[in-house]
Amino acid sequence: MKTIQEILDRARSLGRKRIAVAAAQEHSALEAACAAAEHGVADPILIGDLGAVDRIAGELGLDVSRFQRIEEKDNGKAAARAVELVREGRADLLMKGILDTSVLLKAVLNKENGLNAGRLTSHVAVMETQTYHKLLLVTDAAINIAPDIPGKIDIIANAVQVAHALGIANPKVALLAAVEKVNWEKMPCTADAAVLTQMNRRGQIKGCLVDGPLALDNAVSAERARIKGIVSEVAGDADIFVAPDIEAGNILYKCLLDLGQAKGAGIVVGAAKPVVLTSRADTADVKLASIALACVVATGSEQ
């Protein structure tokens, strides 16, 4: 798949999923959930303050009466109820409404009643921009603050899972840093990148091709890599951009959306099912694309 529209088309072709929206009383989340139903992608289950849901639906001119609705005004309990529906098979996917990410993930990662799959969860964004020749995946922009090497192994695995679901058989993973040379003392992320690259070469990180450290310009431009004397199969053709920490990932993600006018989608991977987790400031279009991405990844994981 090479565009966000192709992700939407693929999700539509898979048939409708059921998506539990936790704390659904939020404008863009509600609009996206209704759009997913209109596009034949997913049918929402609205969990939250139903009075507020109806008021917002009225403001947006949306008919939500045809959807399953569950009253729960407490956001924490709404998250737990949404997770319960997914765990019991009464919903296929989970979506964040107007509640903090930490509240939703607490319910998702609950060891007794959650969707914990035994590995680190991470945020994976899929971006379409006119300045790059294919879809690019950015991780982690939302969850893991300063991941160590084991954490980055899971972050890579989660992004590779998404790439495989998008039809990228052997995704190229760029481990981003400010420089290309290892500087253990002042830039420990460069040493992490070197270790992870070697692990990939020895078959300890599978399903992808990893290289780093790479500065962003070398990851996106083979010519700039050539000028700097960098020999790399990933340089200029990366599919996955792994940020060294949450600050870099979040800035890159939002810069692409807000300054680069990219189209985007974002989900959390690593739990038993994908979670649609976007910023409350993201547009309904981003959230609709995120629902479609989650549907595609969920189906890929089942096969």
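Glu180 is partly exposed, at 24% relative accessible area (buried is under 20%, exposed over 50%, partly exposed in between, with a 1.4 Å probe and protein chains only). The model is predicted, so local features need pLDDT of at least 70 and side-chain atom pairs count only at pLDDT 80 or more, while totals for chains, interfaces and linings use all residues. Residues are numbered from 1 along each chain as its sequence is written, and side-chain values use heavy atoms, with hydrogens and water left out.

The side chain of Glu180 forms a salt bridge with Lys228 at 3.6 Å, N to O (a side-chain nitrogen of Lys or Arg within 4 Å of a carboxyl oxygen of Asp or Glu). Lys228 sits in the loop between helix 9 (222-227) and strand 9 (240-242), and Glu180 in the loop between strand 7 (172-176) and helix 7 (188-201), so the pair ties together parts 48 residues apart in sequence. Helices (H or I, at least four residues) and strands (E, at least two) are DSSP runs numbered from the N terminus. Lys228 is partly exposed at 46% relative accessibility.

The structure holds 16 salt bridges. Another of them joins Asp43 and Arg16 at 2.9 Å, N to O. This pair links distant parts of the chain, with Asp43 in strand 2 (residues 42-48) and Arg16 in the loop between helix 1 (4-13) and strand 1 (17-22), 27 residues apart. Asp43 is partly exposed at 30% relative accessibility, and Arg16 is partly exposed at 45%.

Arg66 and Glu38 also meet in a salt bridge, at 2.8 Å, N to O. Arg66 is partly exposed at 43%, whereas Glu38 is exposed at 59%.
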